[in-house]
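Morning, everyone. Please bring up the model on your screens.

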Amino acid sequence: GTVRWMEATLTAATFGGREVVMWASQDVTERRQLERTYKQVFEGVSDGLVVHDPETGEIRDVNDRYCALTGYDREELVGGNLRLIVPEGPEDTYEDALGRIERAREAGPQLFEFEGQRSDGERFVGEVHLSVIELRGEEQVLASVRDVTERKRREREYEQIFNGVNDAVAVRDPETGQLVEVNESYADLLGYDREEMIGMSIG
């Protein structure tokens, strides 16, 4: 009573002087189950996912989260390339993106940030993790993209406040007492460069 998925190939042939159709079938139940699991994971994660051709960078597949992030429909993205979401500028970010894909193939997973552009022209900052995967027997590059625009904005605001106050401010590790961060007023007070002070102990 078990239901199995079969892949069938039908071929016209002659057998014993009669015209027949040969039916060759292969059990693909496990492959179908893996594809269903892949689809559930692909659509269920909170990050935008993009599958790239490892040679050309062409977009092979995207999940709904990536469509929501960029403002494009799946049909607009699949078959296209990164120029859709890479804004034009003095630096060729598109070539840099292709280089990142190549490095993921040669040197292993890549983690980096880039500035993207949604379909309405609004800019966003994406944190990207690139890794090489095998999908349906072929090598592909999977990009996991997270929108960190708000986080970057808060970091800039923190930096402005941290360095904008006149008081000397230092952040220390509570267990070791080592300096984790200091503002410019603190460094000026003690006569050090900020970078030089990171990691210093109380002593």
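Helices here are DSSP runs of H or I with at least four residues, strands are E runs of at least two, and both are numbered from the N terminus. This is a predicted model: local features need pLDDT of at least 70, side-chain atom pairs count only at pLDDT 80 or more, and totals for chains, interfaces and linings use all residues. Residues are numbered from 1 along each chain as its sequence is written, and side-chain values use heavy atoms, with hydrogens and water left out.

Start with glutamine 110. It sits in strand β5. Is glutamine 110 buried or exposed? It is buried, at a relative accessible area of 13%. The cut-offs: buried is under 20% relative accessible area, exposed is over 50%, partly exposed is in between, with a 1.4 Å probe and protein chains only. What does glutamine 110 touch? Beyond neighbours within four places in sequence, the contacts are Arg100, Arg103, Ala104, Val128, His129 and Leu130. Contact means heavy atoms within 4.5 Å. A polar atom of the glutamine 110 side chain also lies 3.2 Å from the backbone oxygen of glycine 108.

Now the sheet. It is open, with 5 strands in the order β4-β3-β7-β6-β5, and the pairing is antiparallel. Pairing requires at least two DSSP bridges between two strands. β4 and β5 are the edges, each pairing on one side only. The twist averages 30° from one strand to the next.

Look at the β4 end. β3, residues 48-52, pairs with β4 over 3 bridges, antiparallel. Valine 50 faces valine 62 in β4. Helix α5, residues 149-164, packs on the sheet and touches β5, β6 and β7. Its direction makes about 130° with that of β6. Axes are lines fitted to C-alpha atoms, for helices over the stretch in contact, and angles run from 0 to 180 degrees between N-to-C directions. Back to β3 and β4: they form a hairpin with 6 residues between them, and glycine 57 in the turn has a positive phi of about 80°.

Last, the cores. A nonpolar core is a set of buried Ala, Val, Leu, Ile, Met, Phe, Trp, Tyr and Cys residues joined through side-chain atoms within 4.5 Å. The largest has 23 residues, and Tyr66, Leu130 and Val145 have the most contacts inside it. Helix α4 gives the largest share of this core, 4 residues. Tyrosine 66 touches Gly48, Leu49, Val50, Leu77, Ile85 and Val145, leaving out residues up to four places away in sequence.

How values were computed
A polar contact is a pair of N or O atoms within 3.5 Å; within protein, one must be able to donate a hydrogen and the other to accept it, and residues adjacent in sequence count only if both atoms are side-chain atoms.
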